[in-house]
Amino acid sequence: MSRDDSETDVLQRFIDDADAAHTVVVDGEIALWGGRSVHADDPTETPTATDVASDRHLGTWIDETDFVHQHLTADGRYDETRGGRPHAYQGSYRITGDRIDYRDDLGFWAFGEFVDGTLQHAGYTFHRA
């Protein structure tokens with residue numbers, strides 16, 4: 001890649017080789033997720049869960065202090081309760097293997113990992129409810 005490459009040219013390289021990057025962020029916005037273009041202004045382009053054939057990831061996950069409850073639904077959406085405040089964070093998620101990538105409805109994104117029956121995310125250890 002050179003300084004003369006346009007944003008479109010760079011994104012096209014990642015689309016052509018989906019294994020090159022899972023997520024590409026441009027100016028703080030997700031532009032590519034899981035090898036496909038994402039347009040923040042088009043809700044139909046929001047990533048959805050791809051590995052929900054097993055129920056092992058779906059449902060409510062609660063952190064060890066009972067402060068954060070994360071609800072993962074089959075339609076690729078999550079709804080998070082924090083400190084008893086329902087709907088504190090909501091958005092989409094995508095699962096690839098044991099990795100979960102989140103994008104909240106305001107555009108913030110994060111990731112976590114399923115390890116030995118727990119969900120590790122942002123310094124929290126979650127257990128299924």
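**Entry 1: F126 and its ring partner**

I started with F126, which is buried at a relative accessible area of 0%. I kept in mind that this is a predicted model. Next I asked which ring pairs with F126. I found Y124: the two form a tilted aromatic pair, 5.8 Å centre to centre, with 45° between the planes. Y124 has 24% relative accessibility and counts as partly exposed, because buried means under 20%.

**Entry 2: the other rings**

How many aromatic pairs does the whole structure hold? My search came back with three. One of them is Y78 with Y102, edge-to-face, 5.2 Å centre to centre and 80° between the planes. Y78 sits in strand β6 and Y102 in strand β8, so this pair ties together parts that lie 24 residues apart in sequence. I checked burial as well, and both Y78 and Y102 are buried.

**Entry 3: the strands around them**

I then traced how β6, β7 and β8 are arranged. Strand β6 covers residues 77-82 and strand β7 covers residues 85-96; they pair antiparallel over five bridges. Here I noted that E80 has Y89 as its bridge partner in β7. β7 also runs antiparallel to strand β8 (residues 99-104), and six bridges join these two. On that side, T96 stands opposite R99 in β8.

Two residues separate the strands in the hairpin of β6 and β7, where G83 takes a positive phi near 55°. The hairpin of β7 and β8 also has two residues between its strands, and there G97 takes a positive phi near 65°.

**Entry 4: salt bridges**

Side chains of opposite charge can pair when their charged atoms come close. How many salt bridges are there? I count four, and I wrote up some of them.

D98 and R56 meet through their side chains at 3.9 Å, N to O. I have D98 as partly exposed at 38% relative accessibility, and R56 as partly exposed at 46%.

D105 forms a salt bridge with R77, with the closest N and O atoms 2.8 Å apart. D105 belongs to the loop between β8 and β9 (109-115), while R77 is in strand β6, 28 residues apart. D105 is partly exposed at 47% relative accessibility, and R77 is partly exposed at 29%.

R82 forms a salt bridge with E80, and the closest N and O atoms are 2.6 Å apart. Is E80 buried or exposed? I found E80 buried, with a relative accessible area of 4%, whereas R82 is partly exposed at 23%.

I went back to R77 to see what else its side chain touches. The side chain of S92 makes a polar contact with the R77 side chain at 3.4 Å. S92 is found in strand β7 and is buried, with a relative accessible area of 3%.

Which ring does its charged end sit over? It is the ring of F111, with the charged end of R99 4.4 Å from the ring centre.

Definitions and conventions: Residues numbered from 1 in each chain as written. Predicted model: local features only at pLDDT ≥ 70, side-chain atom pairs only at ≥ 80, totals over all residues. Heavy atoms only, no water. Pairing = 2+ DSSP bridges. Helix = DSSP H or I, 4+ residues; strand = E, 2+ residues; numbered from the N terminus. Buried < 20%, exposed > 50% of the residue type's maximum accessible area, 1.4 Å probe, protein only. Polar contact = N/O pair within 3.5 Å; in protein donor to acceptor, adjacent residues only side chain to side chain. Phe/Tyr/Trp six-rings, centres within 6.5 Å; stacked < 30°, edge-to-face > 60°. Lys NZ or Arg CZ within 6 Å of the ring centre and 35° of its normal.
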